[in-house]
Amino acid sequence: MTVDLFSDTQTRPTPGMREAMARAEVGDEQSGSDPTTNALCARVADLLGMEDAVFMPSGTMCNLAAILVQTRAGDEIIVDDQSHIYNTEAAGAAAIGGVSVRPLPTRNGLYTPEQAEAAIRTPQRTAPRSALISIEQTTSFSGGSIWDLGTMRAIRDIARDRGLKAHIDGARLLNAVAATGIPARAYAEGFDSAWIDLSKGLGCPVGAVLCGTKAFVTEAWRWKYRLGGAMRQSGVLAAAGLYALDHHLDQLAEDNANARRLREGLEGAPGLAFEPEAGQSNILSFSVAGLDVPAAVFAEACLAHGVRIRAIGEQIRATTHLDVDCAGIARAVAVIRAQADAFARTRDSEGTSPFGGVSGRSPDGHFQGSALDPRKG
């Protein structure tokens with residue numbers, strides 16, 4: 001069986017969660033009469049210390065609705081250059097809201113208050129209006145970094161002082177809570193909007209919850225409907241979220257610990273390089289550049305031996321979750337180290353990259369069965 005570290009979106013509902021879903025009391029979400037959905041929204045609003053909440057089909061819709069409510073066409077939002085909002089969701093803001101995205105250059109998804117303030121445009125008729133700034137807690141593509149609470153609040157205050165809205169993309173906010181012990185409501189305090197994902201570390205099959213003031217949620221609901229996100233008996237899905245909040249929060253700490261175990265097990269492997277803060281939460285990123293091998297090829301070699309990791313650019317990302325236990329981590333360590341050793345031997349024996357025409361790779365980047373293929377032997 002494959003050890004799947006591709007993403008924490010690969011989790012499956014547990015038997016207890018499935019039972020809770022089957023027993024869910026339901027109504028009609030659109031009329032506000034689904035009691036389980038209402039209970040989930042109240043629970044998450046309280047968790048984040050906010051007035052109200054709306055259940056969404058996805059985190060992408062949470063971000064988009066938050067942008068659409070808090071901006072107008074022609075505005076600009078400020079994010080980090082490795083964020084989901086910029087890398088995979090910017091087209092939605094542009095196509096539907098007419099909003100552009102200004103990415104701030106970062107090493108690990110964390111920008112400074114000074115960068116934030118410098119990015120806010122001076123009002124002028126020839127430029128977009130800076131309208132919203134977003135913080136992704138924890139970071140995703142850049143490796144699960146955890147924002148410092150003081151830095152978050154400094155950026156929040158700069159936004160408020162300059163007339164911008166402040167938003168938290170909290171897809172993995174609860175992993176930060178598990179790692180730091182800082183309550184979710186402390187992170188969200190004073191922000192205009194924030195959300196948590198249910199379908200990542202919490203293990204639900206679908207869903208996220210977006211929070212803000214009552215007025216904000218009223219407008220977010222309008223966009224939820226316009227975007228096709230309104231549902232009927234959504235309590236079947238909301239029940240999974242309530243179950244996860246009751247039973248899976250402690251698992252997030254274990255997931256974080258497994259990411260640390262993975263890093264510790266890979267330390268010293270040839271050709272692998274880690275940023276000093278890598279593995280702060282349930283995501284571990286590392287470079288394989290020292291092996292002179294593309295990240296995608298390294299990931300393919302590991303998958304051939306039953307460990308699925310993800311190549312993002314020239315980095316490898318491994319994400320722990322409730323479907324991967326300590327034994328799975330041990331197996332992942334063994335496979336990743338073995339492939340690093342194999343590629344290192346190839347590099348050292350050839351004295352050059354095997355991808356400079358030596359290995360006979362096909363044009364699509366796959367091995368053609370040469371002796372340089374670390375899957376052999």
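## P103 and strand β4

At 28% relative accessibility, P103 counts as partly exposed, because that class lies between buried (under 20% relative accessible area) and exposed (over 50%), computed with a 1.4 Å probe on protein chains only. P103 lies in strand β4, where strands (E, at least two residues) and helices (H or I, at least four residues) are DSSP runs numbered from the N terminus. Not counting residues up to four places away in sequence, P103 touches V79, D80, D81 and Y86, contact being defined as heavy atoms within 4.5 Å. Between P103 and I85, which are 18 residues apart in sequence, the C-alpha to C-alpha distance is 9.4 Å.

## Basis of the model

This is a predicted model, in which local features need pLDDT of at least 70 and side-chain atom pairs count only at pLDDT 80 or more, while totals for chains, interfaces and linings use all residues. Residues are numbered from 1 along each chain as its sequence is written, and side-chain values use heavy atoms, with hydrogens and water left out.

## Overall dimensions

The protein chain holds 14 helices and 12 strands. Its radius of gyration is 22 Å, close to the 21 Å that the globule rule gives for 377 residues, so the chain is as compact as a globular protein of that length; the radius is taken over C-alpha atoms, and the rule is 2.2 Å times the number of residues to the power 0.38. Along its principal axes the C-alpha trace spans about 65 × 55 × 35 Å.

Of the 377 residues in the protein chain, 54% are buried. Among contacts with a separation of 6 or more, 74% come from residues 24 or more positions apart. UniProt, in an unreviewed entry, places the feature "domain: Aromatic amino acid beta-eliminating lyase/threonine aldolase" at residues 4–286; positions from UniProt are given in the numbering used here, feature names are shortened, and annotations may be inferred rather than shown by experiment. Over residues 4–286 the chain is 43% helix and 16% strand, with the end C-alpha atoms 17 Å apart.

Seven strands form an open sheet of mixed pairing, in the order β2-β8-β7-β6-β5-β3-β4, two strands being paired if DSSP finds at least two bridges between them. At the edges are β2 (52–56) and β4 (100–104), each of which pairs on one side only. Neighbouring strands of this sheet are turned by 20 degrees against each other on average, direction ignored. Strands β7 (residues 193–197) and β8 (residues 208–212) run antiparallel and are joined by 4 bridges, and the bridge partner of I196 in β8 is V209.

Helix α2 (residues 35–48) lies across β2, β7 and β8, and runs at about 125 degrees to β2; axes are lines fitted to C-alpha atoms, for helices over the stretch in contact, and angles run from 0 to 180 degrees between N-to-C directions. T37 lies in this helix and counts as buried, at 2% relative accessibility. Apart from its neighbours within four places in sequence, T37 is in contact with E29, F55, S234, G235 and A238.

K200 sits in the loop between β7 and β8, and the unreviewed UniProt entry lists K200 for "modified residue: N6-(pyridoxal phosphate)lysine". At 12% relative accessibility, K200 counts as buried. Leaving aside neighbours within four places in sequence, the contacts of K200 are D8, T9, T11, A171 and R172.

S58 is found in the loop between β2 and α3 (59–70), and is partly exposed, with a relative accessible area of 27%. The C-alpha atoms of S58 and V177 are separated by 21 Å, the two residues being 119 residues apart along the chain.

## Helices α8 and α12

In helix α8 (residues 173–180), the buried residues are L173, L174, N175, A176 and V177. Their cover includes α2, β6 (165–170), α9 (184–188), β7, α11 (235–247) and α12 (249–266). Just after α8, G181 takes a positive phi of about 80 degrees.

At 1.5 Å a residue, the 18 residues of α12 should span 26 Å, and its end C-alpha atoms are 27 Å apart, which agrees; the expected span is 1.5 Å times one less than the number of residues. Buried in α12 are L252, D255, N256, A257, N258, A259, L262, R263 and L266, and the buried residues of this helix pack against α8, β9 (283–287), β12 (315–319) and α14 (326–350). Just after α12, G268 takes a positive phi of about 85 degrees.
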